[in-house]
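Hello,

Please find the structure below, as promised. The notes on what was found in it follow directly after.

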Amino acid sequence: MTFDFDALLERAGTWSTRWERYAGRDVIPLWVADSDFRAPPCVLEALEKRVKHGVFGYTTAPEELREAIAERLARLYRWRVDPSWIVFLPGVVPGLHLAARKLLPPDGHALIPIPVYQHFKRAVELAPRAYTEVPLVLQSGRWVFDESTLKKSLTVKTGMFFLCSPQNPGGTVFTRDELERLAGLVRNLIIVSDEIHCELVLDRDKHHVPIASLAPEISRRTVTLMSPNKAFNIPAAGCAWAIIEDSNLRRIFSADLNAHVLPSPSVFGYEAALAAYRGGDAWLAAQLDYLRASRDLVEKALDLPMAHVEATYLAWIDCSGLKTKDACELFLRHGVALSPGLQFGDARFVRLNFGTQRSRLREALERMKAAIDAT
């Protein structure tokens, strides 16, 4: 079966967060991290079947999905997970907030590597909990941990380390050795690992390693947050999960879910996730091929420094050399909306989402080049 990722889709008027912000303007929105691709046919068929059934009552988490998740983790990563370790969530972001509020004491302290997806910082700020930002460093074209700085940032109150793997916005796929060293440095801490981009590894010689899969001792103190939302472009369906081996951590983490303070995933989220895992692999492989070519286009087209994007469909672009104080505003004036780097912890950068049709991406890059030439 072939899949047409070049087919332009009209998202105006569909309540799209990305597209509605600039409705009625000649702006190509390449900011929020969802793609402009239709979900896999198997997902659309499953949702259509559920809609035809016509009853959308309260829904129990399906055992079939628990088993599909466990099977997939074993097949892709050789990670043996008991289905009982899985805690379903409406999204990964609520998982970050639950971890900060439930698993870190009020006087506790967290470490957050930056740059990073903004909800890591928001989770600890709103908890509220003390935290220290630990800058990543660029080495050999990859954003990696500064192990010396990380060591110095540990205090007697430090109880949690937040990890984004693969890294957003830097695009790094951390190696097994890098993760083993990291786990050793934070050996007494709870690790909260957002791995939502794990199936969007673009480099064929790179492989995602769940940090909890390294060793039983690491698994017992790790909360792994996952979802098919990014890989299969189904975030609005709303289904994610935490994998927590330790029963006490799992009980504390789940308290608000069990008390219905937070909602469970929708029936459509369960259906979409199960369908994606049962029948979406060919579509995913084709999407990865398409994204690789788009990644290569972005890296070659812009005369701006950026780390090689090993995973995700997000490019982290250094604009410090431009003669402007606000690169995002510069590009917006030329018709391209990007995410400001300050949102992720570094105002010198912008983040570009290349998960769109190639013709639209080429036009956006031409506009960006015109903006750069105008400075």
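Val223 stands opposite Ile244 in strand 9. Strands here, like helices, are DSSP runs numbered from the N terminus (E, at least two residues, for strands; H or I, at least four, for helices). The model is a predicted one, so local features need pLDDT of at least 70 and side-chain atom pairs count only at pLDDT 80 or more, while totals for chains, interfaces and linings use all residues. Residues are numbered from 1 along each chain as its sequence is written, and side-chain values use heavy atoms, with hydrogens and water left out.

Strand 8 (residues 222–226) runs antiparallel to strand 9 and is joined to it by four bridges; two strands are said to pair if DSSP finds at least two bridges between them. Strand 2 (residues 86–89) is also antiparallel to strand 9, again with four bridges, and there Phe88 stands opposite Trp241. In general, strands of a sheet pair through backbone hydrogen bonds, either parallel or antiparallel.

How many residues of strand 9 are buried? Five of the five residues (240–244) are, so strand 9 is largely enclosed by the rest of the structure. Buried means under 20% relative accessible area, exposed over 50%, and partly exposed in between (1.4 Å probe, protein chains only). Both faces of strand 9 are covered, with Ala240, Ala242 and Ile244 buried on one side and Trp241 and Ile243 on the other.

Asn229 sits in the loop between strand 8 and strand 9 and is buried, with a relative accessible area of 8%. Leaving aside residues up to four places away in sequence, Asn229 touches Ile234, Pro235 and Cys239, where contact means heavy atoms within 4.5 Å. Asn233 is in the loop between strand 8 and strand 9 and counts as buried at 13% relative accessibility. Its phi is near 50°, a positive value in a residue other than glycine.

Backbone exceptions

Most residues other than glycine have a negative phi, and most peptide bonds are trans. Trp15, in the segment before helix 1 (17–20), has a positive phi near 65°. Trp15 counts as exposed, at 79% relative accessibility. Pro166 lies in the loop between strand 6 and helix 7, and Pro169 is in the loop between strand 6 and helix 7.

Aromatic pairs

Rings of Phe, Tyr and Trp (its six-membered ring) pair if their centres lie within 6.5 Å; planes under 30 degrees apart count as stacked, over 60 as edge-to-face and the rest as tilted. By this rule the count comes to 17 aromatic pairs. The planes of Phe120 and Phe162 are at 80° and the ring centres 6.0 Å apart, so this pair is edge-to-face. Phe120 belongs to helix 5 (residues 118–126) and Phe162 to strand 6 (residues 158–164), so the pair ties together parts that are 42 residues apart in sequence. Phe120 is buried at 0% relative accessibility, and Phe162 is buried at 0%.

The pair of Phe145 and Phe174 is stacked, at 4.7 Å centre to centre with 25° between the planes. Phe145 lies in strand 5 (residues 142–145) and Phe174 in the loop between strand 6 and helix 7 (176–185), so this pair links parts that are 29 residues apart in sequence. Both Phe145 and Phe174 are buried.

Ring pairs also link a cluster made of Phe5, Phe37, Phe88, Phe232, Trp241, Tyr270, Tyr277, Trp283 and Tyr290. Arg358 lies over the face of Tyr290, 4.0 Å from the ring centre; a charge sits over a ring if NZ of Lys or CZ of Arg is within 6 Å of the ring centre and within 35 degrees of the ring normal.

Three strands form an open antiparallel sheet in the order 10-13-12. Its edge strands are strand 10 (314–318) and strand 12 (339–340), each of which pairs on one side only. Strand 12 pairs with strand 13 (residues 349–353) over two bridges in the antiparallel sense, and Ser339 stands opposite Arg351 in strand 13.

The chain overall

The chain has 14 helices and 13 strands. Of its 375 residues, 58% count as buried. The C-alpha trace spans about 55 × 55 × 35 Å along its principal axes.

Regards
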